[in-house]
Number of protein chains: 2
Amino acid sequence: MTTTGAREDRVFAALANATRREVLRLLRDEGPQPVQALADHFDMRRPSLSEHLKVLREAGLVSEERSGRQRIYQLEAQPLAEVQDWLHPYERFWRDRLKGLSDLLDRMPDDGET
Amino acid sequence: MTTTGAREDRVFAALANATRREVLRLLRDEGPQPVQALADHFDMRRPSLSEHLKVLREAGLVSEERSGRQRIYQLEAQPLAEVQDWLHPYERFWRDRLKGLSDLLDRMPDDGET
DNA sequence: ACGATAGGTAGGAGATTCCCTACGCGTCAA
DNA sequence: TTGACGCGTAGGGAATCTCCTACCTATCGT
């Protein structure tokens with residue numbers, strides 16, 4: 001119904017690469033940009049960056065808008081909102097855990113396992 | 001400074017697989033379990049699942065605790081908290097954007113793309 | 001029309017992923 | 001001790017990833 005898992009696969013896989021995460025950061029911090037401006041930040045040939053942009057596009061994380069002979073890329077944050085939704089059911093876990101842990105450590109000084 | 005990106009690579013890569021995400025969900029919803037109990041949920045040989053567990057371990061997403069000849073796996077949510085932290089600077093983006101979008105959709109009923 | 005510029009696509013090399021079948025190691029029950 | 005059980009590791013094969021060097025199309029300036 002809502003998820004085959006395939007969509008999330010794409011988003012997470014897109015995020016599993018430092019270059020692509022840096023592209024997202026650049027688009028977030030510096031706004032929409034053409035490919036060349038992005039490419040200047042990387043030690044990589046432009047066609048390789050083009051493929052990273054393709055991965056990001058197919059994950060829905062960026063969109064392109066043609067402007068003359070340039071392609072202006074823009075951040076599309078919706079898939080990231082979905083990641084946050086996915087994360088949500090785990091939230092109580094690290095809350096409970098960290099809170100309970102510090103609590104525990106506070107009141108039982110005997111434990112000390114490896 | 002704080003990140004080479006290598007750690008985040010591992011976490012995102014670990015999450016970029018439906019089997020591994022399902023393992024995390026099982027550990028979250030059903031609590032700590034030995035490998036065999038997890039394996040029962042998948043159409044996959046046990047050694048393959050073992051490798052998925054290894055990936056999750058190396059990403060810090062699960063921990064194992066030996067109990068006799070069993071290995072009890074447990075969810076470790078801290079890397080997910082780090083993912084949420086990573087997500088945070090993007091949050092304002094989808095807030096702004098979705099608000100503007102629903103606004104737009106509300107007042108232009110003509111759209112109808114393929 | 002011509003050359004330069006912006007950027008995507010083709011195809012290939014090397015690494016990595018994801019599954020498999022063997023097999024090895026430690027633990028429990030007899 | 002012998003065997004069965006729980007689980008990891010070795011090694012291999014097909015697919016995918018990530019980079020590269022060509023090369024192609026479209027647009028701009030002259």
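**A buried glutamate and its partner**

Select Glu91(A): this residue is buried, at a relative accessible area of 14% (buried means under 20%, exposed over 50%, partly exposed in between, with a 1.4 Å probe and protein chains only). This is a predicted model, in which local features need pLDDT of at least 70 and side-chain atom pairs count only at pLDDT 80 or more, while totals for chains, interfaces and linings use all residues. Residues are numbered from 1 along each chain as its sequence is written, chains are lettered from A and ligands numbered from 1 in the order in which they are written, and side-chain values use heavy atoms, with hydrogens and water left out.

Helices here are DSSP runs of H or I with at least four residues, numbered from the N terminus.

**Further salt bridges**

Next, select Glu64(A) and Arg71(A), whose side chains meet in a salt bridge (3.7 Å, N to O). Glu64(A) is partly exposed at 26% relative accessibility, and Arg71(A) is partly exposed at 35%.

Then display Glu22(A), Arg25(A), Arg28(A) and Asp29(A), which a network of salt bridges links.

Finally, move to chain B and select Arg7(B) with Glu82(B); their closest N and O atoms are 3.0 Å apart in a salt bridge. The pair joins helix H1 to helix H5 of chain B across 75 residues.

Notes. A salt bridge is a side-chain nitrogen of Lys or Arg within 4 Å of a carboxyl oxygen of Asp or Glu. Helices (H or I, at least four residues) and strands (E, at least two) are DSSP runs, numbered from the N terminus.
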